[in-house]
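Please look through the model shown below with its charged side chains in mind. The paragraphs that follow take up the contacts between them one after another.

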Amino acid sequence: MKFKYKKFLQRDFSTTIRPIIPVTLSHGEKALEHEVLIDSGADMCLFDAAIGEYLGLDVESGEEAVLAGVTGGGELFYWHTVILRVGIRDLKTRVGFTRDIASSYGIAGQKGFFDAFVVTFDYKKQEIELKERK
């Protein structure tokens with residue numbers, strides 16, 4: 001599967017690109033289309049708690065853990081199992097939901113995304129290629 005990088009307009013009216021792709025999260029009968037930043041430095045997949053609630057999850061009932069990262073971390077998140085659809089592939093995977101994310105997109109990290117795909121970034125072509133792991 002191939003996806004194009006997404007363009008963003010900066011405050012100075014220049015543009016930047018990021019490896020952001022569409023996915024669908026589902027749990028039970030509910031599903032929601034959303035975008036994720038493919039982040040090779042992220043240990044896991046992470047989404048805003050409001051998405052989990054939309055899917056019918058009691059977010060805080062999940063296994064509690066603490067985020068850690070380059071900015072220091074310390075924010076709480078809660079593990080839940082959902083279906084993450086990427087292209088035509090459905091992945092049953094554990095993702096984290098947090099109230100402390102300040103982004104309009106989720107994060108696709110090592111566990112739950114990179115462990116399911118071989119990911120190739122081609123910045124010059126502005127293209128991401130995902131190949132299923134067998």
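How many salt bridges does the structure hold? In this predicted model, the structure holds 7 salt bridges, and three of them are followed here through the elements that they link.

A second contact pairs Glu53 with Arg99, whose closest N and O atoms are 2.3 Å apart. This pair, too, links distant parts of the chain, with Glu53 in helix α1 (residues 49–54) and Arg99 in the loop between β9 (89–98) and β10 (106–108), 46 residues apart. Glu53 is partly exposed at a relative accessible area of 38%, and Arg99 is likewise partly exposed at 45%.

Arg99 also meets the side chain of Glu60 in a salt bridge of 2.9 Å, N to O. Because Arg99 lies in the loop between β9 and β10 while Glu60 lies in the loop between α1 and β7 (63–66), the pair ties together parts that are 39 residues apart in sequence. Glu60 counts as partly exposed, at 37% relative accessibility. Taken together, Glu53, Glu60 and Arg99 are linked in a network of salt bridges, in which Arg99 pairs with Glu53 and with Glu60.

Terms used: Residues are numbered from 1 along each chain as its sequence is written. This is a predicted model: local features need pLDDT of at least 70, side-chain atom pairs count only at pLDDT 80 or more; totals for chains, interfaces and linings use all residues. Side-chain values use heavy atoms; hydrogens and water are left out. A salt bridge is a side-chain nitrogen of Lys or Arg within 4 Å of a carboxyl oxygen of Asp or Glu. Helices (H or I, at least four residues) and strands (E, at least two) are DSSP runs, numbered from the N terminus. Buried means under 20% relative accessible area, exposed over 50%, partly exposed in between (1.4 Å probe, protein chains only).
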